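Trainee: I'd like to learn how to read a structure like this one. Could you take me through it?

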Amino acid sequence: MQSEQNKSFKELLNEELEARIEEIESPGYEYIPRLTKADYLGMVVTAAICVVIIIVGVV
Amino acid sequence: MNKNEQSANQEAVFGIIPMISRERTHGFWAIAAVTIVYSMAPWCFTQGGAIISVIGLKAALTNTLGVIVLFSIIYLLAVIIPAREGIDTWIYQRACFGYKGIVVIWFVAIFATWGWEAILTGIHGTSISALYTIATGNVLPDSWIPWLGATCVIVGFIIALMGPNVITKVSYIVIPGIIIACIVLFVFVFKNYSWSELMSMEAVAPISDNFRENYMVATEWNLAFVCAWYTVIGVIPRLGKTERGSYWGFMTGFGVVYALIACVGAFGALAVSDMTGVYSNDPSIWFSEMGGGLAILSMICLICSNISIMAVAMYSLSVSTKAVLPNWSYRKILIAWSIWVLFLNFTGVVMNYYSVFLSVIGFIGGPTVIIILVDYFLIRKQRISIRDMFEQEAKNAYYYTKGFNVLGYVALLAGTVAYFLVYDPINAVARMEIFNFTTGTGLSCLVAGLVYGFGAMIPSVKTYLLRDMEAKKN
(Lines give C-alpha, C1' and ligand atoms only; values in the text may rest on other atoms or scores of the structure.)
Protein backbone atom coordinates (compact mmCIF):
# COMPACT_ATOMS: atom_id res chain seq x y z
CA MET A 1 0.00 0.00 0.00
CA GLN A 2 2.76 2.37 1.01
CA SER A 3 4.85 1.69 -2.12
CA GLU A 4 1.73 2.03 -4.27
CA GLN A 5 1.15 5.50 -2.81
CA ASN A 6 4.73 6.53 -3.49
CA LYS A 7 4.60 5.23 -7.01
CA SER A 8 1.41 7.11 -7.70
CA PHE A 9 2.82 10.35 -6.34
CA LYS A 10 6.10 10.07 -8.24
CA GLU A 11 4.46 8.92 -11.44
CA LEU A 12 1.95 11.73 -11.26
CA LEU A 13 4.75 14.21 -10.64
CA ASN A 14 7.08 13.00 -13.40
CA GLU A 15 4.35 12.94 -16.02
CA GLU A 16 3.26 16.48 -15.24
CA LEU A 17 6.81 17.77 -14.94
CA GLU A 18 8.08 16.55 -18.28
CA ALA A 19 5.16 17.94 -20.24
CA ARG A 20 5.42 21.35 -18.60
CA ILE A 21 9.19 21.69 -18.84
CA GLU A 22 8.98 20.92 -22.57
CA GLU A 23 6.34 23.59 -23.03
CA ILE A 24 8.30 26.20 -21.06
CA GLU A 25 11.51 25.41 -22.95
CA SER A 26 9.80 25.66 -26.33
CA PRO A 27 10.79 28.83 -28.28
CA GLY A 28 7.23 30.12 -28.57
CA TYR A 29 6.47 30.06 -24.84
CA GLU A 30 5.00 33.35 -23.64
CA TYR A 31 5.68 34.52 -20.11
CA ILE A 32 3.13 36.58 -18.17
CA PRO A 33 3.39 40.39 -18.52
CA ARG A 34 6.30 41.84 -16.55
CA LEU A 35 6.42 44.73 -14.12
CA THR A 36 6.72 48.07 -15.89
CA LYS A 37 8.40 51.37 -15.06
CA ALA A 38 5.11 52.52 -13.52
CA ASP A 39 5.37 49.68 -10.97
CA TYR A 40 8.91 50.59 -10.02
CA LEU A 41 7.82 54.23 -9.72
CA GLY A 42 4.97 53.05 -7.48
CA MET A 43 7.49 51.26 -5.27
CA VAL A 44 9.59 54.41 -4.95
CA VAL A 45 6.54 56.54 -4.10
CA THR A 46 5.30 53.97 -1.54
CA ALA A 47 8.79 53.84 -0.01
CA ALA A 48 8.85 57.65 0.23
CA ILE A 49 5.44 57.67 1.96
CA CYS A 50 6.72 55.07 4.44
CA VAL A 51 9.80 57.13 5.21
CA VAL A 52 7.58 60.18 5.86
CA ILE A 53 5.35 58.09 8.18
CA ILE A 54 8.39 56.85 10.09
CA ILE A 55 9.79 60.39 10.44
CA VAL A 56 6.42 61.75 11.64
CA GLY A 57 6.46 59.10 14.37
CA VAL A 58 9.77 60.11 15.84
CA VAL A 59 9.63 63.92 15.71
CA MET B 1 -5.39 5.22 -1.24
CA ASN B 2 -8.14 7.22 0.45
CA LYS B 3 -9.66 10.39 -1.01
CA ASN B 4 -7.77 12.81 1.23
CA GLU B 5 -4.46 11.08 0.57
CA GLN B 6 -5.15 11.40 -3.17
CA SER B 7 -6.09 15.01 -2.69
CA ALA B 8 -2.89 15.69 -0.72
CA ASN B 9 -0.89 13.95 -3.46
CA GLN B 10 -2.52 16.09 -6.12
CA GLU B 11 -1.96 19.25 -4.07
CA ALA B 12 1.68 18.30 -3.49
CA VAL B 13 2.20 17.63 -7.20
CA PHE B 14 0.41 20.87 -7.99
CA GLY B 15 2.68 22.67 -5.53
CA ILE B 16 5.85 21.33 -7.15
CA ILE B 17 5.20 21.53 -10.89
CA PRO B 18 5.80 24.77 -12.82
CA MET B 19 2.62 26.63 -13.66
CA ILE B 20 2.26 27.47 -17.33
CA SER B 21 1.29 31.05 -18.25
CA ARG B 22 -2.01 29.99 -19.82
CA GLU B 23 -3.05 28.20 -16.58
CA ARG B 24 -2.88 31.33 -14.46
CA THR B 25 -6.14 32.22 -12.77
CA HIS B 26 -5.43 34.99 -10.24
CA GLY B 27 -5.52 38.71 -11.01
CA PHE B 28 -4.68 41.48 -8.54
CA TRP B 29 -7.96 41.30 -6.58
CA ALA B 30 -7.87 37.51 -6.20
CA ILE B 31 -4.28 37.60 -4.94
CA ALA B 32 -5.02 40.51 -2.62
CA ALA B 33 -8.04 38.63 -1.21
CA VAL B 34 -6.01 35.49 -0.50
CA THR B 35 -3.14 37.39 1.11
CA ILE B 36 -5.55 39.47 3.21
CA VAL B 37 -7.10 36.25 4.57
CA TYR B 38 -3.61 34.94 5.39
CA SER B 39 -2.60 38.17 7.08
CA MET B 40 -5.72 38.47 9.25
CA ALA B 41 -4.47 36.14 11.94
CA PRO B 42 -4.82 36.78 15.68
CA TRP B 43 -1.02 36.77 16.04
CA CYS B 44 -1.01 40.22 14.36
CA PHE B 45 -2.61 41.51 17.56
CA THR B 46 0.21 39.84 19.49
CA GLN B 47 2.76 41.72 17.38
CA GLY B 48 1.09 45.09 18.00
CA GLY B 49 0.93 44.27 21.71
CA ALA B 50 4.65 43.47 21.75
CA ILE B 51 5.61 46.70 19.95
CA ILE B 52 3.84 48.99 22.43
CA SER B 53 5.68 47.30 25.28
CA VAL B 54 8.86 49.10 24.15
CA ILE B 55 7.68 52.35 22.48
CA GLY B 56 4.72 54.71 22.92
CA LEU B 57 1.63 54.50 20.73
CA LYS B 58 2.49 57.24 18.22
CA ALA B 59 5.91 55.77 17.51
CA ALA B 60 4.49 52.22 17.57
CA LEU B 61 1.83 52.95 14.94
CA THR B 62 4.15 54.81 12.58
CA ASN B 63 6.96 52.30 13.06
CA THR B 64 4.67 49.32 12.47
CA LEU B 65 3.04 50.78 9.37
CA GLY B 66 6.14 52.46 7.93
CA VAL B 67 8.71 49.74 8.60
CA ILE B 68 6.52 46.78 7.64
CA VAL B 69 5.37 48.33 4.35
CA LEU B 70 8.84 49.73 3.54
CA PHE B 71 10.59 46.39 4.11
CA SER B 72 7.80 44.57 2.24
CA ILE B 73 8.56 46.63 -0.88
CA ILE B 74 11.97 44.93 -1.06
CA TYR B 75 11.10 41.60 0.55
CA LEU B 76 8.12 40.93 -1.71
CA LEU B 77 10.18 41.45 -4.86
CA ALA B 78 10.78 37.73 -4.33
CA VAL B 79 7.16 37.28 -5.46
CA ILE B 80 8.23 38.13 -9.03
CA ILE B 81 10.22 34.87 -9.33
CA PRO B 82 7.34 32.43 -8.72
CA ALA B 83 5.03 34.70 -10.74
CA ARG B 84 7.32 34.78 -13.76
CA GLU B 85 8.81 31.27 -13.67
CA GLY B 86 5.73 29.48 -12.30
CA ILE B 87 7.70 27.70 -9.57
CA ASP B 88 7.52 27.99 -5.79
CA THR B 89 10.41 29.84 -4.15
CA TRP B 90 11.23 26.56 -2.39
CA ILE B 91 11.99 25.08 -5.82
CA TYR B 92 13.87 28.22 -6.89
CA GLN B 93 16.08 28.09 -3.81
CA ARG B 94 17.68 24.93 -5.19
CA ALA B 95 19.69 27.44 -7.24
CA CYS B 96 20.69 29.37 -4.11
CA PHE B 97 21.40 26.52 -1.68
CA GLY B 98 21.48 23.30 -3.75
CA TYR B 99 18.98 20.42 -3.96
CA LYS B 100 19.94 19.01 -0.57
CA GLY B 101 20.91 22.31 0.99
CA ILE B 102 17.43 23.71 0.61
CA VAL B 103 15.87 20.70 2.36
CA VAL B 104 17.90 21.50 5.49
CA ILE B 105 16.82 25.16 5.40
CA TRP B 106 13.24 24.13 4.71
CA PHE B 107 13.16 21.96 7.84
CA VAL B 108 14.57 24.70 10.08
CA ALA B 109 12.18 27.29 8.62
CA ILE B 110 9.09 25.14 8.79
CA PHE B 111 9.77 23.99 12.36
CA ALA B 112 10.03 27.68 13.31
CA THR B 113 6.92 28.61 11.31
CA TRP B 114 4.77 26.40 13.52
CA GLY B 115 5.53 28.88 16.28
CA TRP B 116 2.80 31.11 14.82
CA GLU B 117 0.31 28.30 15.32
CA ALA B 118 1.60 27.87 18.90
CA ILE B 119 0.62 31.52 19.46
CA LEU B 120 -2.88 30.61 18.27
CA THR B 121 -3.09 27.79 20.83
CA GLY B 122 -2.06 30.23 23.58
CA ILE B 123 -4.74 32.74 22.56
CA HIS B 124 -7.23 29.91 22.17
CA GLY B 125 -6.60 28.56 25.67
CA THR B 126 -6.88 31.93 27.40
CA SER B 127 -10.03 32.81 25.38
CA ILE B 128 -11.85 29.67 26.52
CA SER B 129 -10.64 30.15 30.08
CA ALA B 130 -11.87 33.78 30.09
CA LEU B 131 -15.24 32.78 28.65
CA TYR B 132 -15.59 30.16 31.38
CA THR B 133 -14.86 32.81 34.01
CA ILE B 134 -17.45 35.19 32.54
CA ALA B 135 -20.05 32.41 32.33
CA THR B 136 -19.56 30.87 35.80
CA GLY B 137 -17.71 33.46 37.87
CA ASN B 138 -15.04 30.87 38.66
CA VAL B 139 -11.42 31.13 37.55
CA LEU B 140 -9.75 28.11 35.99
CA PRO B 141 -6.21 27.32 37.18
CA ASP B 142 -3.45 28.49 34.78
CA SER B 143 -2.37 24.87 34.37
CA TRP B 144 -5.59 24.28 32.40
CA ILE B 145 -4.78 26.81 29.68
CA PRO B 146 -2.35 24.61 27.66
CA TRP B 147 -4.93 21.79 27.76
CA LEU B 148 -7.60 24.16 26.46
CA GLY B 149 -5.10 25.39 23.81
CA ALA B 150 -4.56 21.78 22.78
CA THR B 151 -8.22 21.56 21.71
CA CYS B 152 -7.37 24.04 18.92
CA VAL B 153 -4.74 21.60 17.62
CA ILE B 154 -7.07 18.60 17.90
CA VAL B 155 -10.02 20.28 16.14
CA GLY B 156 -7.66 21.76 13.52
CA PHE B 157 -6.21 18.27 12.96
CA ILE B 158 -9.69 16.75 12.48
CA ILE B 159 -10.69 19.48 9.99
CA ALA B 160 -7.39 19.11 8.12
CA LEU B 161 -8.08 15.36 7.85
CA MET B 162 -11.41 16.12 6.16
CA GLY B 163 -9.59 17.57 3.16
CA PRO B 164 -9.49 20.81 1.16
CA ASN B 165 -13.22 21.35 0.59
CA VAL B 166 -14.05 21.49 4.29
CA ILE B 167 -10.94 23.60 4.98
CA THR B 168 -11.95 26.16 2.34
CA LYS B 169 -15.39 26.55 3.94
CA VAL B 170 -13.91 26.83 7.43
CA SER B 171 -11.42 29.49 6.28
CA TYR B 172 -14.33 31.85 5.47
CA ILE B 173 -14.77 32.32 9.24
CA VAL B 174 -11.43 34.11 9.56
CA ILE B 175 -12.23 37.47 7.92
CA PRO B 176 -15.51 38.29 9.74
CA GLY B 177 -14.03 36.95 12.99
CA ILE B 178 -11.01 39.25 12.92
CA ILE B 179 -12.98 42.23 11.58
CA ILE B 180 -15.46 41.93 14.48
CA ALA B 181 -12.56 41.72 16.95
CA CYS B 182 -10.96 44.84 15.39
CA ILE B 183 -14.23 46.82 15.52
CA VAL B 184 -14.79 45.89 19.17
CA LEU B 185 -11.25 46.97 20.05
CA PHE B 186 -11.68 50.31 18.25
CA VAL B 187 -15.05 50.97 19.90
CA PHE B 188 -13.50 50.27 23.31
CA VAL B 189 -10.44 52.43 22.65
CA PHE B 190 -12.21 55.48 21.20
CA LYS B 191 -15.04 55.36 23.72
CA ASN B 192 -12.54 55.80 26.50
CA TYR B 193 -9.74 57.90 24.98
CA SER B 194 -9.34 60.89 22.71
CA TRP B 195 -6.87 60.80 19.83
CA SER B 196 -4.49 63.21 21.60
CA GLU B 197 -4.57 61.09 24.77
CA LEU B 198 -3.74 58.00 22.73
CA MET B 199 -0.87 59.68 20.90
CA SER B 200 0.72 60.74 24.16
CA MET B 201 0.66 57.24 25.70
CA GLU B 202 4.06 55.92 26.68
CA ALA B 203 5.50 52.41 26.35
CA VAL B 204 4.36 49.80 28.89
CA ALA B 205 7.70 48.14 29.60
CA PRO B 206 10.59 49.84 27.76
CA ILE B 207 13.83 47.88 27.62
CA SER B 208 16.09 50.91 27.99
CA ASP B 209 15.92 54.55 29.09
CA ASN B 210 17.16 55.48 25.64
CA PHE B 211 14.26 56.00 23.18
CA ARG B 212 16.42 55.16 20.17
CA GLU B 213 17.38 51.73 21.56
CA ASN B 214 13.75 50.90 22.26
CA TYR B 215 12.73 52.19 18.84
CA MET B 216 15.29 50.06 17.04
CA VAL B 217 14.24 46.94 18.99
CA ALA B 218 10.67 47.63 17.81
CA THR B 219 12.02 48.08 14.27
CA GLU B 220 13.85 44.75 14.58
CA TRP B 221 10.64 43.01 15.64
CA ASN B 222 8.70 44.53 12.75
CA LEU B 223 11.34 43.52 10.21
CA ALA B 224 11.28 39.99 11.59
CA PHE B 225 7.49 40.05 11.42
CA VAL B 226 7.68 40.60 7.64
CA CYS B 227 10.05 37.62 7.40
CA ALA B 228 7.23 35.42 8.72
CA TRP B 229 6.09 35.09 5.08
CA TYR B 230 9.27 33.33 4.02
CA THR B 231 7.77 29.83 3.96
CA VAL B 232 4.61 30.75 2.02
CA ILE B 233 5.79 33.56 -0.24
CA GLY B 234 6.05 31.40 -3.36
CA VAL B 235 2.74 29.54 -3.32
CA ILE B 236 0.13 32.03 -4.56
CA PRO B 237 2.17 34.12 -7.07
CA ARG B 238 2.49 31.02 -9.29
CA LEU B 239 -1.19 31.53 -10.05
CA GLY B 240 -0.78 35.21 -10.94
CA LYS B 241 -1.82 36.31 -14.43
CA THR B 242 0.59 39.27 -14.34
CA GLU B 243 3.64 40.22 -12.31
CA ARG B 244 1.92 43.48 -11.43
CA GLY B 245 -1.15 41.73 -9.98
CA SER B 246 1.02 39.30 -8.01
CA TYR B 247 3.38 41.90 -6.56
CA TRP B 248 0.81 44.56 -5.64
CA GLY B 249 -1.67 41.92 -4.46
CA PHE B 250 0.97 40.71 -2.04
CA MET B 251 1.83 44.26 -1.02
CA THR B 252 -1.83 44.84 -0.18
CA GLY B 253 -2.29 41.74 1.98
CA PHE B 254 1.14 40.86 3.35
CA GLY B 255 2.27 44.48 3.56
CA VAL B 256 -0.47 47.02 4.25
CA VAL B 257 -3.31 44.97 5.82
CA TYR B 258 -0.82 42.93 7.86
CA ALA B 259 0.63 46.16 9.30
CA LEU B 260 -2.80 47.69 9.94
CA ILE B 261 -4.02 44.68 11.95
CA ALA B 262 -0.84 44.85 14.04
CA CYS B 263 -1.61 48.56 14.62
CA VAL B 264 -5.07 47.63 15.92
CA GLY B 265 -3.30 45.26 18.33
CA ALA B 266 -1.11 48.14 19.53
CA PHE B 267 -4.20 50.28 20.22
CA GLY B 268 -5.92 47.47 22.11
CA ALA B 269 -2.97 46.38 24.23
CA LEU B 270 -2.04 49.90 25.31
CA ALA B 271 -5.59 51.08 26.03
CA VAL B 272 -6.41 47.99 28.12
CA SER B 273 -3.10 48.25 29.93
CA ASP B 274 -3.67 51.93 30.70
CA MET B 275 -7.21 51.39 31.93
CA THR B 276 -6.83 48.18 33.94
CA GLY B 277 -3.13 48.03 34.73
CA VAL B 278 -2.92 44.60 33.09
CA TYR B 279 -0.44 44.39 30.19
CA SER B 280 -0.46 41.41 27.84
CA ASN B 281 0.21 40.76 24.17
CA ASP B 282 -2.56 38.15 24.21
CA PRO B 283 -5.78 39.67 22.73
CA SER B 284 -8.03 37.33 24.70
CA ILE B 285 -6.70 38.94 27.91
CA TRP B 286 -7.65 42.39 26.53
CA PHE B 287 -11.19 41.26 25.78
CA SER B 288 -11.61 39.59 29.15
CA GLU B 289 -10.43 42.79 30.86
CA MET B 290 -12.90 44.84 28.79
CA GLY B 291 -15.83 42.62 29.77
CA GLY B 292 -19.36 42.90 28.38
CA GLY B 293 -21.24 41.29 25.53
CA LEU B 294 -19.06 42.65 22.73
CA ALA B 295 -15.93 41.29 24.41
CA ILE B 296 -17.57 37.86 24.70
CA LEU B 297 -18.49 38.01 21.01
CA SER B 298 -14.89 38.95 20.16
CA MET B 299 -13.50 36.04 22.14
CA ILE B 300 -15.86 33.64 20.38
CA CYS B 301 -14.66 35.13 17.06
CA LEU B 302 -11.04 34.64 18.14
CA ILE B 303 -11.71 31.01 19.08
CA CYS B 304 -13.32 30.31 15.69
CA SER B 305 -10.55 32.14 13.81
CA ASN B 306 -7.87 30.24 15.72
CA ILE B 307 -9.38 26.89 14.77
CA SER B 308 -9.82 27.95 11.12
CA ILE B 309 -6.26 29.19 10.76
CA MET B 310 -4.92 26.10 12.54
CA ALA B 311 -6.78 23.85 10.07
CA VAL B 312 -5.58 25.86 7.05
CA ALA B 313 -1.98 25.83 8.34
CA MET B 314 -2.07 22.11 9.10
CA TYR B 315 -3.33 21.32 5.64
CA SER B 316 -1.06 23.66 3.67
CA LEU B 317 2.13 22.97 5.64
CA SER B 318 1.47 19.21 5.54
CA VAL B 319 0.97 19.28 1.77
CA SER B 320 4.16 21.30 1.51
CA THR B 321 5.93 18.67 3.65
CA LYS B 322 4.57 15.96 1.37
CA ALA B 323 6.47 17.56 -1.49
CA VAL B 324 9.72 17.21 0.47
CA LEU B 325 8.92 13.81 2.06
CA PRO B 326 6.92 11.97 -0.62
CA ASN B 327 7.36 8.64 1.19
CA TRP B 328 5.29 9.85 4.15
CA SER B 329 1.50 9.63 4.02
CA TYR B 330 -0.52 12.84 4.48
CA ARG B 331 -2.00 11.48 7.72
CA LYS B 332 1.44 10.63 9.11
CA ILE B 333 2.71 14.13 8.32
CA LEU B 334 -0.37 15.70 9.95
CA ILE B 335 0.20 13.65 13.11
CA ALA B 336 3.89 14.58 13.23
CA TRP B 337 3.19 18.33 12.92
CA SER B 338 0.35 18.12 15.45
CA ILE B 339 2.75 16.60 17.98
CA TRP B 340 5.22 19.43 17.32
CA VAL B 341 2.56 22.15 17.83
CA LEU B 342 1.34 20.39 20.97
CA PHE B 343 4.91 20.39 22.26
CA LEU B 344 5.21 24.14 21.60
CA ASN B 345 1.80 24.67 23.19
CA PHE B 346 2.54 22.78 26.41
CA THR B 347 6.01 24.26 26.86
CA GLY B 348 4.66 27.76 26.17
CA VAL B 349 8.02 28.77 24.70
CA VAL B 350 6.68 30.90 21.85
CA MET B 351 4.29 33.04 23.91
CA ASN B 352 6.77 33.38 26.78
CA TYR B 353 9.75 34.15 24.55
CA TYR B 354 8.01 35.96 21.70
CA SER B 355 11.02 38.17 20.92
CA VAL B 356 13.31 35.11 20.72
CA PHE B 357 10.84 33.41 18.42
CA LEU B 358 10.73 36.54 16.22
CA SER B 359 14.52 36.52 16.05
CA VAL B 360 14.51 32.93 14.75
CA ILE B 361 12.03 33.97 12.06
CA GLY B 362 14.14 37.08 11.29
CA PHE B 363 17.55 35.49 10.90
CA ILE B 364 16.19 32.65 8.76
CA GLY B 365 13.62 34.49 6.65
CA GLY B 366 15.58 37.73 6.17
CA PRO B 367 18.95 36.72 4.70
CA THR B 368 17.54 33.80 2.70
CA VAL B 369 15.15 36.06 0.77
CA ILE B 370 17.88 38.63 0.15
CA ILE B 371 20.12 35.82 -1.18
CA ILE B 372 17.23 34.79 -3.48
CA LEU B 373 16.91 38.36 -4.81
CA VAL B 374 20.67 38.80 -5.35
CA ASP B 375 20.88 35.38 -7.01
CA TYR B 376 17.98 35.90 -9.40
CA PHE B 377 18.20 39.59 -10.28
CA LEU B 378 21.93 40.32 -10.07
CA ILE B 379 23.80 37.07 -10.65
CA ARG B 380 21.60 35.06 -13.00
CA LYS B 381 20.16 38.23 -14.61
CA GLN B 382 16.69 36.66 -14.43
CA ARG B 383 17.62 33.61 -16.52
CA ILE B 384 17.36 30.11 -15.09
CA SER B 385 17.19 26.53 -16.34
CA ILE B 386 13.77 25.26 -15.41
CA ARG B 387 14.80 21.67 -16.26
CA ASP B 388 17.78 21.81 -13.91
CA MET B 389 15.48 22.99 -11.13
CA PHE B 390 13.85 19.57 -11.23
CA GLU B 391 16.52 17.14 -12.44
CA GLN B 392 18.72 16.46 -9.46
CA GLU B 393 21.59 14.41 -10.87
CA ALA B 394 25.25 15.33 -10.28
CA LYS B 395 25.47 16.51 -13.93
CA ASN B 396 22.72 19.09 -13.37
CA ALA B 397 23.42 22.78 -12.76
CA TYR B 398 22.10 23.16 -9.23
CA TYR B 399 23.73 20.04 -7.79
CA TYR B 400 26.83 22.07 -6.82
CA THR B 401 28.85 20.29 -4.10
CA LYS B 402 27.04 17.06 -3.22
CA GLY B 403 23.74 18.90 -3.36
CA PHE B 404 24.86 22.00 -1.41
CA ASN B 405 25.65 25.46 -2.81
CA VAL B 406 28.64 26.34 -0.65
CA LEU B 407 28.44 30.08 -1.39
CA GLY B 408 24.75 30.16 -0.41
CA TYR B 409 25.55 28.54 2.92
CA VAL B 410 28.58 30.78 3.55
CA ALA B 411 26.42 33.87 2.89
CA LEU B 412 23.62 32.62 5.13
CA LEU B 413 26.09 31.75 7.88
CA ALA B 414 27.73 35.18 7.60
CA GLY B 415 24.31 36.83 7.89
CA THR B 416 23.42 34.72 10.94
CA VAL B 417 26.76 35.50 12.65
CA ALA B 418 26.27 39.23 11.96
CA TYR B 419 22.79 38.98 13.47
CA PHE B 420 23.97 37.49 16.77
CA LEU B 421 27.02 39.73 16.94
CA VAL B 422 24.86 42.85 17.11
CA TYR B 423 21.68 41.65 18.80
CA ASP B 424 20.86 39.58 21.86
CA PRO B 425 17.37 38.21 21.16
CA ILE B 426 16.96 36.62 24.60
CA ASN B 427 17.18 39.93 26.43
CA ALA B 428 16.05 41.93 23.33
CA VAL B 429 19.01 44.33 23.59
CA ALA B 430 21.71 45.54 21.23
CA ARG B 431 25.15 44.00 21.62
CA MET B 432 26.85 46.59 19.40
CA GLU B 433 26.07 50.21 18.54
CA ILE B 434 25.59 49.35 14.86
CA PHE B 435 22.30 47.65 15.82
CA ASN B 436 20.85 51.12 16.45
CA PHE B 437 21.44 51.93 12.77
CA THR B 438 20.76 48.63 11.00
CA THR B 439 18.90 46.32 13.45
CA GLY B 440 19.84 42.61 13.58
CA THR B 441 17.65 41.42 10.71
CA GLY B 442 18.62 44.42 8.57
CA LEU B 443 22.33 43.80 9.08
CA SER B 444 22.04 40.05 8.51
CA CYS B 445 20.23 40.74 5.20
CA LEU B 446 22.90 43.22 4.17
CA VAL B 447 25.82 40.94 5.08
CA ALA B 448 24.28 37.85 3.46
CA GLY B 449 23.48 39.78 0.28
CA LEU B 450 26.96 41.31 0.06
CA VAL B 451 28.77 38.02 0.75
CA TYR B 452 26.68 36.24 -1.88
CA GLY B 453 26.95 39.05 -4.43
CA PHE B 454 30.69 39.70 -4.04
CA GLY B 455 31.42 35.97 -3.73
CA ALA B 456 29.77 35.44 -7.09
CA MET B 457 32.15 37.96 -8.68
CA ILE B 458 35.12 35.61 -8.13
CA PRO B 459 35.54 33.96 -11.57
CA SER B 460 35.73 30.35 -10.33
CA VAL B 461 32.71 30.89 -8.05
CA LYS B 462 30.80 32.50 -10.90
CA THR B 463 31.42 29.43 -13.05
CA TYR B 464 30.33 27.24 -10.11
CA LEU B 465 27.06 29.18 -9.80
CA LEU B 466 26.25 29.67 -13.46
CA ARG B 467 26.44 26.12 -14.74
CA ASP B 468 22.85 26.57 -15.89
CA MET B 469 23.99 29.19 -18.41
CA GLU B 470 26.78 26.90 -19.61
CA ALA B 471 24.25 24.11 -20.10
CA LYS B 472 22.03 26.45 -22.14
CA LYS B 473 24.94 27.48 -24.38
CA ASN B 474 25.80 23.83 -25.02
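This is a predicted model: local features need pLDDT of at least 70, side-chain atom pairs count only at pLDDT 80 or more; totals for chains, interfaces and linings use all residues.

Trainee: What follows helix 6 of chain B?

Mentor: Gly98(B) comes after helix 6 of chain B, and its phi is positive, near 90°.

Trainee: How many residues of helix 6 of chain B are buried?

Mentor: A residue is buried if 20 or more other C-beta atoms, placed from the backbone, lie within 10 Å of its own, exposed if 12 or fewer, and partly exposed in between. In helix 6 (residues 89-97) of chain B, nine of nine residues are buried, among them Trp90(B), Arg94(B) and Phe97(B). Over in chain A, 5% of the 59 residues count as buried.

Trainee: Which residues have the most contacts inside the largest nonpolar core?

Mentor: In soluble globular proteins, nonpolar side chains tend to be buried together. A nonpolar core is a set of buried Ala, Val, Leu, Ile, Met, Phe, Trp, Tyr and Cys residues joined through C-beta atoms within 7 Å. The largest one here has 179 residues, and Ala266(B), Ala311(B) and Met314(B) have the most contacts inside it. Helix 13 (residues 243-276) of chain B gives this core its largest share, 18 residues.

Trainee: At what angle do helix 9 and helix 15 of chain B cross?

Mentor: Two packed helices are described by the angle between their axes and the distance between the axes. Axes are lines fitted to C-alpha atoms, for helices over the stretch in contact, and angles run from 0 to 180 degrees between N-to-C directions. Helix 9 (residues 164-171) and helix 15 (residues 293-324) of chain B have axes that come within 9 Å and cross at roughly 145°. Contact between residues means C-beta atoms, placed from the backbone, within 7 Å.

Trainee: How many residues of chain A are in contact with chain B?

Mentor: 31 residues of chain A are in contact with 38 residues of chain B. Helix 1 of chain A gives the most to chain A's side, with 14 residues.

Notes
Residues are numbered from 1 along each chain as its sequence is written. Chains are lettered from A and ligands numbered from 1 in the order in which they are written. Helices (H or I, at least four residues) and strands (E, at least two) are DSSP runs, numbered from the N terminus. Two residues are in contact if their C-beta atoms, placed from the backbone, lie within 7 Å.
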